[in-house]
Amino acid sequence: MSGQFEHFKEKREKYVARGVGNGNLHVADKAQGATITDVDGHTFIDFAGAIGTLNVGHTHPEITKHLKEKLDKFIHPGFNVMMYESYLNLAQKLTEITPGEFAKKAILLNSGAEAVENAVKIARKYTGRQAVVSFVRGFHGRTNLTMSMTSKVKPYKYGFGPFAPEVYQAPYPNISEKSEELTEDAYVDQVIHKLHDFFIETVDPSDVACIVMEPVQGEGGFIIPDQKFVDTVKQICEDNGIVFVVDEIQTGFARTGRTFAIEHFGIEPDLITVSKSLAAGFPLSGVVGKAEIIDSAAPGELGGTYAGNPLACEAALKVIDIIEQEQLNDKAEQLGHDIEVYLQELSQSHKHIAQIRRLGAMVAFEVVDAETGLPDKALTGKITQTANDKGLLLLSAGIKGNVIRFLPPLVITDEELNQGLNILTHVFDEVTSNYSVS
């Protein structure tokens, strides 16, 4: 490597905590749309979107212009000290665009994990119960509570216990794991049966404050549940006075071709957690839902020093406008379709590609051993690393580390998309031709 790469790499190794992961050790200098340029002038096509944070792309001109105008007015009065209009307007907007024909309220926070944690606090306050149910393969954050709700042990939980009590993980269907003897319907029925047993064997529903579910599991590998399963979870909540919390942190704001992924299932959850692409890269999250549930907490029981930063709120309001103005839900569906078609064609010559799945532009595939069909984590790592080396920001996921996921900005141009896919083709050709299991 030339230029400043080695200098910044040494600085990272000397001063930054080892526990912070880096998929790419280059240093960004500027970014626009779906392209990042590093300090040495190398360009990278972004299929990662800061882990699903940039649905409207890097440095959207409308957002940049708007925030420059707002920056001169004030930076952060602190909503708990003195209110400001952007918080109020965003709270209103979120209650209007989230599913649910009932009175709603919102609280704004900083991160996705903070949103999930506050949703649990609200549910516990409302129900007077303690138990929390999440799902196998789920990911909800890195705080003690949300880490406890998360399924994958390494790297998220290993050595960080003890974990929060009264957290239970229920079964969640994954069609790619079904046996050949079962039809998809029979498999889903089997998982639903296990779910009902879970509430007999593991925790009684009368003790459960909330069920927290990703409508598509993100870090778990872009696992899309069956309609019948989602309906069952909702019905269990309704039958037992359990607050149904939908975690839309990675799926929200047009990623799946709907503003929120739960809309695909026709379900109105009690609470929704939002973050990531809400504010185009600014730290912001929220809990939105039934007013009576949100208001169960008394003044002062929820909040935080930086919660609902005014500039982040301004960015979020612009994001919501851009989603509508630029028809990003339609673009997401077309983008996802184009990537899926590409992967289907690539899979004809590369037998390591299996289980292609998508909802809108939330696309993923599994990397498997071409002979056995078993998950191949090592090959997955080689593909993502080589892609990053060649100018394509690419992420893996999955409970077994063998899923490659696509989270490009929805505003990506055809030229950027084709350039990224061409890089990926070359990466597959190079890596699989030289690949052997060590």
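Helices (H or I, at least four residues) and strands (E, at least two) are DSSP runs, numbered from the N terminus. This is a predicted model, in which local features need pLDDT of at least 70, side-chain atom pairs count only at pLDDT 80 or more, and totals for chains, interfaces and linings use all residues. Residue numbers start from 1 along each chain as its sequence is written, and side-chain values use heavy atoms, with hydrogens and water left out.

**View 1. Glutamine 327 sits in the loop between helix H10 (310-325) and helix H11 (328-349).** Have a look at the backbone here: phi of glutamine 327 is near 50°, a positive value in a residue other than glycine. Glutamine 327 counts as exposed, at 51% relative accessibility (buried means under 20% relative accessible area, exposed over 50%, partly exposed in between, with a 1.4 Å probe and protein chains only).

**View 2. Threonine 59 is in the loop that runs between helix H2 (49-52) and helix H3 (61-71).** Threonine 59 has a positive phi too, near 50°, and is a residue other than glycine. Its relative accessible area is 40%, so threonine 59 is partly exposed.

**View 3. Proline 155 belongs to the loop between helix H6 (144-149) and strand S6 (167-170).** Check the peptide bond from lysine 154 to proline 155: that one is cis, with omega near 10°.

**View 4. Proline 162 also has its place in the loop between H6 and S6.** The peptide bond leading from glycine 161 to proline 162 is cis, with omega near 5°.
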